[in-house]
Amino acid sequence: MAKHKVVTTDAEINRALERAKALRESRVVNAAYNADLNLLLLRLGDGHRRAIPVEDVEGLHDATAAQLSAIEILGNGTGLHWPKLDVDLYVPALLEGITGTKQWMAEMGRRGGSATTPAKRKASQRNGRLGGRPKKVGVSA
């Protein structure tokens with residue numbers, strides 16, 4: 001009779017259980033679109049709720065209210081699908097603030113960085129009076 005060796009440690013099992021618990025808490029049990037606020041509203045399995053601005057999500061920002069209202073919950077709450085838009089989102093990533101591809105996220109950051117507001121203008125002027133952005137020291141090319 002062959003002997004078997006256990007290769008999974010108790011610590012590995014405990015880490016896997018913690019990951020499973022976090023995934024369970026990141027599952028959506030209800031999803032809705034609020035047209036008045038232009039928000040995607042999510043109720044999670046642990047009772048928490050999240051509101052996500054539609055304009056921040058790749059594939060949803062130009063959709064109509066009717067298209068946004070037709071949300072399907074997939075994968076036991078780990079995915080959201082908009083059949084009229086052919087858009088799918090992975091819920092754990094969405095809850096971490098990942099609302100699109102790397103390229104989409106970079107463009108969102110660029111737009112935010114190029115925004116001009118009175119507060120940003122004042123901060124820039126204060127920084128300029130202090131000598132501007134500090135020079136990088138000790139950086140070799």
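**View 1. Gly47 sits in the hairpin of β2 and β3 with a positive phi near 95 degrees.** This hairpin has 4 residues between its strands. The model is predicted. Strand β2 covers residues 39–44, and strand β3 covers residues 49–53. The two strands pair in the antiparallel sense over 5 bridges. Look for Leu41, which stands opposite Ala51 in β3. Strands of a sheet pair through backbone hydrogen bonds, in either a parallel or an antiparallel way.

View 2. Strand β1 spans residues 28–34. It pairs with β2 in the antiparallel sense, over 6 bridges. Asn30 stands opposite Arg43 in β2.

**View 3. An open sheet of 3 strands runs in the order β4-β5-β6.** Its pairing is antiparallel. The edge strands are β4, residues 72–74, and β6, residues 87–90. Each edge strand pairs on one side only. Neighbouring strands of this sheet are turned by 25 degrees against each other on average, direction ignored.

**View 4. β4 meets β5 in the antiparallel sense.** Strand β5 holds residues 79–82. The pairing of β4 and β5 counts 3 bridges. Which residue in β5 is the bridge partner of Ile73? It is Leu80.

**View 5. Thr78 lies in the loop between β4 and β5.** Is Thr78 buried or exposed? Its relative accessible area is 17%, and the cut-off for buried is under 20%, so Thr78 is buried. The Thr78 side chain also reaches the backbone oxygen of Gly75, at 2.9 Å.

**View 6. Helix α5 takes in residues 118–129.** The helix has 12 residues. From its first C-alpha to its last, α5 reaches 17 Å. That is close to the 16 Å expected at 1.5 Å a residue. Just after α5 comes Gly131, with a positive phi of about 110 degrees. An α-helix has 3.6 residues a turn, so residues three or four places apart point the same way.

**View 7. The whole protein chain holds 5 helices and 6 strands.** From the N terminus on, the elements run α-β-β-β-α-β-β-β-α-α-α. The chain has 141 residues, and buried residues make up 22% of them. Consider the contacts with a separation of 6 or more: residues 24 or more positions apart account for 37% of these. The chain exposes about 10700 Å². Carbon and sulfur atoms supply 54% of that area.

Terms used. Residues are numbered from 1 along each chain as its sequence is written. This is a predicted model: local features need pLDDT of at least 70, side-chain atom pairs count only at pLDDT 80 or more; totals for chains, interfaces and linings use all residues. Side-chain values use heavy atoms; hydrogens and water are left out. Two strands pair if DSSP finds at least two bridges between them. Axes are lines fitted to C-alpha atoms, for helices over the stretch in contact, and angles run from 0 to 180 degrees between N-to-C directions. The expected span of a helix is 1.5 Å times one less than its number of residues. Buried means under 20% relative accessible area, exposed over 50%, partly exposed in between (1.4 Å probe, protein chains only). A polar contact is a pair of N or O atoms within 3.5 Å; within protein, one must be able to donate a hydrogen and the other to accept it, and residues adjacent in sequence count only if both atoms are side-chain atoms. Contact means heavy atoms within 4.5 Å. Accessible areas come from the Shrake-Rupley method with a 1.4 Å probe; for residues, only the protein chains shown count as cover.
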